[in-house]
Amino acid sequence: GKPGFDKIVGYIEKAKQEGGEILCGGTADGSKGFFIQPTVILTKDPKSITMREEIFGPVVTVYVYQDEDLDQTLELINTTTDYALTGAIFAQGRSALIKTSNALRNAAGNMYYNEKCTGAVVGQQPFGGSRASGTNDKAGSVALFWRFVSARSIKEGQKLTMKRIIVPLRVSNGIAVRLARPPQMALEPRLAELQTQLASADRLDEDPVLNIITRGLSDQEADWTLDDINAVISSSEDVELNALDLCPLLWQYIPENDGAIRLLNTITLKASSKECIIALQETQDTLSTKLSEWAQRDQEDDAGHQLVESLSLLLQLYENVIPRLMLRKKGPTETLSQLIRGINVVVQVGSTAADKKLGRRLLECLSKFITATARWVRSSPSTSDDEKSNCNDLLATLLFSGVGTCGSYIQAHNAERYLESHFSRRYLHSNVDNEAFQGQAIASVIIVGVL
């Protein structure tokens, strides 16, 4: 209406008076309706009125900062306005996104990484801000529910109990004998200090694991190396791990950084299996894109070999996570179908970039992944026979496709043993539809040595 129209026009005029440069727009027409042309203002004053106030209209103000003034600019953003609703960060490096997001922790209730800064749709994405923007309750999430209840917390003292320790056995003259295992060594004082930092920091403010790993990756003189961090995480149950941030960060340094590989392996063994699967699937999508781009170049180079090494590592990480998945509403087929089809595609493309050694390595990692997944399906409680059969079909497709694409890297008799180690002859002769075998022609070529 007219009041809103006049208010927005007033902001544009005040911006001009303060020295703002109109890059586009800047005009309005109230003769018929209330139209304001989309306006972009360039300002040299980061505290000008249109940088501080909420304007519910098509007006954007731009302030250009110098690269070396990033820290001061983050402080400006954090302190200039009374509002804290939404913000967006654009950066190529994951560490830059993390650093900026941590600095602006309290400046926006909704933060977007490499995405347009916009209002979310309630019911699809939780949305809400703090300071003068509200109480930071997120409409569309369970957070809003707490406004309508009176919460109570209860703490009960724990009884000291001995942790279950798996003691290795060896068989001597038919009798299982327990092997002596030395008690676990306590962390050296220097690493004990790191453990305290990782376990006791305030996670409402920042993620200490993420920050310390970021420094370990980017600063050669950091207090803690990646192997130090890995040693603490491996030996402690008190360190919380956010796989959604840690896995993409470490993957940027794969396969050159051995410490990053070892740490990534530990994280996929200890962090939330659900978070790990989400993070690894995002990595898989990125890897698939890079392999497709490599294939289009149609040339052999070290970049292709590095991508295959990364793919083999990805299968190893999946092997860590799959056995830890807990099924609730979804069955194993629904959980695995999209994942396995994606792996099938990326393995087919990746095999073209492999030499003989890498091809065998890729096939070995694929074999271990299939074995781990098959065992998980069989051991999952309340899994029906139909579910197990469907999962077997998915794994058979992946298996045959793997042997078909990497078959030139193994001898025929090895391929036969490889197939029979996973599926019986009866299963290989069973009537599985052509789609499950990716076409009878491919299947017949693959299993010719077995028949």
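This is a predicted model: local features need pLDDT of at least 70, side-chain atom pairs count only at pLDDT 80 or more; totals for chains, interfaces and linings use all residues.
**Entry 1: α6 and α7**

I began with helix α6, residues 208-218, and looked up how it sits against α7. Their axes come within 9 Å and cross at roughly 150 degrees. Angles over 145 degrees count as roughly antiparallel, so I noted α6 and α7 as roughly antiparallel to each other. Next I listed who touches whom: Val209, Ile212, Ile213, Gly216 and Leu217 in α6 meet Leu226, Ile229 and Ile233 in α7. Sorted by class, this contact has 7 nonpolar residues, 1 polar and no charged ones.

**Entry 2: α7 and α9**

I then turned to the other partner on my list for α7 (residues 226-235), which is helix α9, residues 258-270. The two axes come within 9 Å and cross at roughly 20 degrees. Angles under 35 degrees count as roughly parallel, and α7 and α9 are therefore roughly parallel to each other. I also wrote down that their crossing is left-handed. On the α7 side I found Leu226, Asp227, Ile229, Asn230, Ile233 and Ser234, and they meet Gly259, Ala260, Arg262, Leu263, Thr266 and Lys270 in α9. The residues of this contact divide into 5 nonpolar, 4 polar and 3 charged.

**Entry 3: α9 and α11**

How far apart are the axes of α9 and α11? I found 8 Å, with the helices packed at an angle of about 25 degrees; α11 covers residues 302-321. That makes α9 roughly parallel to α11. The crossing here is right-handed. In α9, the residues Ile261, Leu264, Asn265, Thr268 and Leu269 meet Leu313, Leu317, Asn320 and Val321 in α11. By class I noted 6 nonpolar, 3 polar and no charged residues.

**Entry 4: the largest pocket**

Last, I went looking for open space. The largest pocket holds about 1600 Å³, and 43 residues line it. Nearest its centre I found Ile77, Thr86, Gly87, Ala88 and Cys117.

Which element gives the largest share of the lining? My note says α3, with 6 residues. Several elements each supply at least two lining residues, among them α2 (49-52), β5 (59-62), α3 (70-80) and α4 (94-103). The strands β6 (83-84) and β7 (86-89) are also in that group. I finished by sorting the lining by class: 28 residues are nonpolar, 11 polar and 4 charged.

Definitions and conventions. Residues are numbered from 1 along each chain as its sequence is written. Side-chain values use heavy atoms; hydrogens and water are left out. Axes are lines fitted to C-alpha atoms, for helices over the stretch in contact, and angles run from 0 to 180 degrees between N-to-C directions. Helices (H or I, at least four residues) and strands (E, at least two) are DSSP runs, numbered from the N terminus. Angles under 35 degrees count as roughly parallel, over 145 as roughly antiparallel, 65 to 115 as roughly perpendicular and the rest as oblique. A crossing is left-handed if the near helix is turned anticlockwise from the far one by less than a right angle, and right-handed if clockwise. Contact means heavy atoms within 4.5 Å. Ala, Val, Leu, Ile, Met, Phe, Trp, Tyr, Cys and Pro count as nonpolar, Asp, Glu, Lys and Arg as charged, and the others, Gly among them, as polar. On a 1 Å grid over the protein atoms alone, a cavity is a set of points where a 1.4 Å probe fits but cannot get out, and a pocket is an open set with protein on both sides within 12 Å along at least five of seven lines; lining residues have an atom within 4 Å of a point. Grid points are joined across faces, edges and corners, and a volume is the space filled by probe spheres set on the points.
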